[in-house]
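Colleague: I would like to go through this model with you. Could you take my questions one at a time?

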Amino acid sequence: MKQLDIELIRFEKLKHVKFLVNRIQHRQEHIHNEFEFFVVLRGSGVAKIKSHTFNLKEGDVYLINSGEVHSYARNPADEIISNKNKDSAPLFLFAQISNHCLREYFPQIRTTVFNSCNLADYLSSEETKEVVKLLVESAKLYFTEQDYYPLRILSDISRVLTICYNKVPYEIISEAQKNNLKQKNLRIERIISYIDANFETQIRLQDLAEQENLSPTHFSHLFTSLFGVTFQDYVNIKRMEQCIRLMPNKEKTLLEISYESGFSDPKYMNRMFIKHFGYTPKEYRRRVGMEQVEIKQVIHETETIYSVTDSVNALSEFEEKYR
């Protein structure tokens, strides 16, 4: 059974803090125990955090709370046009910060629950720019390991967290509440894992509700509150993703793709493609065919972690553009 991706972050270079520069076409739902800040260095895309969908643009900076399910992708409307150029996928700077960071001086950080958000929604323009600048400069220090870089990074991270505590909504929860959140995350993991393992067949809301010891009505409301879409819409999204993965295989007919993706009725698959892309599966496949070789390469490369040199170059280009 496919599992929700529980990311175990290792802090190899600096205790409690890690930076990554990634180009992402698609990063499935995952969860980790660290706070995550990310800056969109280049391009645009979509982030799903809990039940909310955010349209991302270059220069944005977001905060994701510890223990919240999230995913990243390029804009769905760009899939066909952009598949021929994998470099068009959005480029991110990620700063992952343990909720034990600076705990000796501010123990409340371990049980802080921030409101995951676009920081521009709560910070002034000057504060937002300051956070972006601090994160980018810290990342460059992290990659280049300049003199006293741990002290300088911890100073910058302290400033970023102080700004967030002053402006972003949060609450300090009890140990019991924190344990309840862990149980909630385990439930989310079970739900996603079940859907991933069964969306290609006749999956039923009732079966999941029974697994979670809930009535179908209660489970339906719970699912929508957790994921921001209905159970059926979420399943259809998974089936659409499977259709797209199978499209470049010319040996499969559209009827076979429909059935192998879990659509019992090809006409339903037709309606889903028109709804999401504005044209039929046949037209989608024709467009994919024009870039078949490139598409096959891109499907298997959904996330690229930049090297130290490429990371520093990308950060420097971003700084130059937004100076």
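Colleague: What pLDDT does the chain average?

Modeller: The average is 85, and 89% of the residues score at least 70. The term pLDDT is the predictor's confidence in each residue, from 0 to 100.

Colleague: Where is the pLDDT below 50?

Modeller: One such stretch is residues 80-84, which has 13 contacts in the model beyond near neighbours in sequence. Contact means heavy atoms within 4.5 Å. Residues 290-301 also stay under 50. Where pLDDT is low, the predicted coordinates should not be read in detail.

Colleague: How many helices and strands are there?

Modeller: The chain has 12 helices and 13 strands. These are DSSP runs numbered from the N terminus, with at least four residues (H or I) for a helix and at least two (E) for a strand.

Colleague: In what order do the six strands of the open sheet stand?

Modeller: The order is E11-E7-E4-E9-E2-E13, with antiparallel pairing. Two strands pair if DSSP finds at least two bridges between them.

Colleague: Why is one side of E11 and of E13 left without a neighbour in the sheet?

Modeller: Strand E11 (117-118) and strand E13 (303-305) stand at the edges and each has a single partner strand, so one side of each has no neighbour there.

Colleague: Which strands pair with E2?

Modeller: E2 pairs with E9 over seven antiparallel bridges, and three bridges join E2 to E13, also antiparallel. Asn22 stands opposite Phe92 in E9 and opposite Ile305 in E13.

Colleague: Are the two faces of E2 covered or open?

Modeller: Both faces are covered: Val17, Phe19, Val21 and Arg23 are buried on one side, and Lys18, Leu20, Asn22 and Ile24 are buried on the other. Buried means under 20% relative accessible area, exposed means over 50%, and partly exposed lies in between (1.4 Å probe, protein chains only).

Colleague: Which residues touch the most other members of the largest nonpolar core?

Modeller: Among the 43 residues of this core, they are Phe19, Val21, Phe37, Leu93, Leu119, Leu135 and Ile153. The largest share, nine residues, comes from H2. A nonpolar core is a set of buried Ala, Val, Leu, Ile, Met, Phe, Trp, Tyr and Cys residues joined through side-chain atoms within 4.5 Å.

Colleague: What is Leu93 in contact with?

Modeller: Leaving aside neighbours within four places in sequence, the contacts of Leu93 include Phe19, Phe37, Leu135 and Leu315.

Colleague: Turning to helix H6, which of its residues are buried?

Modeller: Phe219, Phe223, Leu226 and Phe227 are buried in H6. Seen down the helix axis, the buried residues fall within an arc of 75°, so they line one face of H6. The arc is that of the directions from the helix axis to the C-beta atoms.

Colleague: Which residues are exposed on the other side of H6?

Modeller: Thr217 and His221 are exposed there.

Colleague: What covers the buried residues of H6?

Modeller: The cover includes helix H4 (175-198), helix H5 (205-211) and helix H7 (231-246).

Colleague: What follows H6?

Modeller: Gly228 follows H6, and the phi of Gly228 is positive, near 80°.

Conventions: Residues are numbered from 1 along each chain as its sequence is written. Side-chain values use heavy atoms; hydrogens and water are left out.
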